[in-house]
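Here is a short report for a reader meeting this structure for the first time. Please look over the sequence and the model before reading on.

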Amino acid sequence: MKQLVSAPALFVGAGICLIAGLLLAFLYAPVDASSMGFSQKIFFYHVPIAETALVAFGIAFVAAIGYLRTQNPKWDRLGLVCVRLGLLFSLLVMVTGMIWGKAAWGVWWAWEPRLTTFLLVCFLYIAYLVLRSAVEEEQRRATYAAVFAIIAFIDVPITFFATRFLPEGLHPVVITAGGTGMESSMLISFLVSMLGMTLLLVALIRRDLAVEELQDRVADLKHTIGG
Amino acid sequence: MGLRQFMAILRKDLIRELRTREMLISMILFVLLAMVIFHYAFTVKEGADLTYFTGGMLWVTFIFAMLLGLNRSFAQEKDERCLDGLLLCPVDRVIIFLAKTAGNLIFLLIIQVVAVPVFTLFFVERSYVGDLLPFLVVLLLADVGICALGTLLATISMNTRSRDLLLPIIFLPLIVPVLIAATGATTLIFAEGAGFGGLLARVLFLLGFDAVFIVAAYGTYDFAIGE
């Protein structure tokens, strides 16, 4: 599977899809008919980034289970790489979400369920990295990180659900464009962006994994020669 | 068999605490002090109505108090190397988790027996005697969630380099759902009075949270406590 598509090809594919998605969003998809108007264009990037972030954390969750079952450091590396990338994408979600919020509600920050959940997700996975840095022994670090990654991923949907208990606040209801309400031209533009973002994630995971593997090998070699 | 082991560990924790009372006394003092601090922090003008802050104040206090207790409960085990002895016993790790959780729950309940009446005297203007049963249910369910998740995470953090510094960072983002549901329910009871009907969604949510994290801890505690 590893040699199926080379890493540069994945990056190129991601780049093409992302640029195509951008062009389609502005040139092909119509301006949104609702009150969102032109600012709705950010949807074509914001939502794919958000879904990619969740996919990254999902892979980290699977990797954590894989590690606990096999104790193979390969899974630990995958978990770490996915959490780091997921965190990066989550920060982008927050930034694009805030820009959208400014355009849609006139404020940079609103305690809206999705935005709030992503804020907590950021804190959760920063805590994951802090936890890793607090354990020196490799096997123990990997085990604790795996346990925490499992708990954290379970907590994400629960948090999102809980934020629904909060009072709704002043801002208008957020678009629920995903699913049924999308025109086909919008859907196509969205899917192209989505594909591009997913390819980008896969490409980044593969590159980061290779870097992590090399780092581990260097550490092993250093250890062998007593450095 | 399991029950006897459970009772033995629980009894050990209770006896140790009741002999020194270190943890309980500091937790109770912390909770009472927090209320006084809240009073000064929130009373911005004459006769300001704090009713809608009461649930939040109560749960923030309990969660922070529990952080103190959780750090203590494992610091002793670790410093005196009691945990090594405990792990050498032929006891299922999950029994240790359940007993530790039950111990922490009992301590939290003892704190609350003192703190809730004082809190009511200080801050709650409406009588909520009619809602006492729903209140107790919410209290117990939220406590179970806090203690189960807290015990699991304290087990992890005690084995890391930064121990008591790490626990809040990994515990607080995960406990937010409980905070949201418990705060909402408690505020409703204190401010408006709501029977089980009005609280049903939150009570079920807390019940679900407890169930999910007890199962998650059940599956991962072996790894969290180490060999």
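## Ground rules

Helices (H or I, at least four residues) and strands (E, at least two) are DSSP runs, numbered from the N terminus.

Residues are numbered from 1 along each chain as its sequence is written, while chains are lettered from A and ligands numbered from 1 in the order in which they are written.

## Confidence

The model scores ipTM 0.91 and pTM 0.90. The predictor's confidence in each residue is its pLDDT, from 0 to 100. Chain B averages a pLDDT of 90, and 99% of its residues score at least 70.

Over residues 170–175 of chain A the pLDDT is below 50. Two residues are in contact if their C-beta atoms, placed from the backbone, lie within 7 Å. Beyond near neighbours in sequence, the stretch 170–175 of chain A has 8 contacts in the model. Where pLDDT is low, the predicted coordinates should not be read in detail.

## Chain A

Chain A has 6 helices and 0 strands. From the N terminus on, its elements run α-α-α-α-α-α. Among its contacts between residues at least 6 apart in sequence, 79% join residues at least 24 apart.

A residue is buried if 20 or more other C-beta atoms lie within 10 Å of its own, exposed if 12 or fewer, and partly exposed in between, with C-beta atoms placed from the backbone. Of the 227 residues of chain A, 37% count as buried.

## Where the chains meet

The contact takes 25 residues from chain A and 24 residues from chain B. On the side of chain A that touches chain B, the elements giving two or more residues are helix H4 (113–133) and helix H5 (138–163) of chain A. H5(A) gives the most, with 13 residues.

Classes are set as follows: Ala, Val, Leu, Ile, Met, Phe, Trp, Tyr, Cys and Pro count as nonpolar, Asp, Glu, Lys and Arg as charged, and the others, Gly among them, as polar. The side of chain A that touches chain B divides into 19 nonpolar, 3 polar and 3 charged residues.

Axes are lines fitted to C-alpha atoms, for helices over the stretch in contact, and angles run from 0 to 180 degrees between N-to-C directions. Angles under 35 degrees count as roughly parallel, over 145 as roughly antiparallel, 65 to 115 as roughly perpendicular and the rest as oblique. A crossing is left-handed if the near helix is turned anticlockwise from the far one by less than a right angle, and right-handed if clockwise.

Helix H3 (residues 54–79) and helix H5 (residues 93–123) of chain B pack at about 150°, with their axes 11 Å apart. H3(B) and H5(B) are therefore roughly antiparallel. H3(B) passes H5(B) in a right-handed crossing. The contact includes B:Phe62 and B:Leu70 of H3(B), and B:Phe107 and B:Ile111 of H5(B). Its residues divide into 11 nonpolar, 4 polar and no charged.

The axes of H3(B) and helix H6 (residues 132–158) of chain B come within 9 Å and cross at roughly 45°. H3(B) and H6(B) are therefore oblique to each other. Their crossing is right-handed. Among the residues that meet are B:Asn71 and B:Phe74 in H3(B), and B:Gly150 and B:Ala154 in H6(B). By class, this contact has 8 nonpolar, 4 polar and 1 charged residues.

B:Asn71 is buried, with 21 other C-beta atoms within 10 Å. Leaving aside neighbours within four places in sequence, B:Asn71 is in contact with B:Ala154, B:Asp164 and B:Leu167. B:Asn71 and B:Met23 are 48 residues apart in sequence and 9.8 Å apart in space, C-alpha to C-alpha.

## Two arginines with positive phi

Most residues other than glycine have a negative phi, and most peptide bonds are trans. B:Arg21 has a positive phi of about 55°. B:Arg21 sits in the loop between helix H1 (2–20) and helix H2 (22–42) of chain B. B:Arg21 is exposed, with 10 other C-beta atoms within 10 Å.

B:Arg163 has a positive phi of about 20°. B:Arg163 is partly exposed, with 16 other C-beta atoms within 10 Å.

Methods:
This is a predicted model: local features need pLDDT of at least 70, side-chain atom pairs count only at pLDDT 80 or more; totals for chains, interfaces and linings use all residues.
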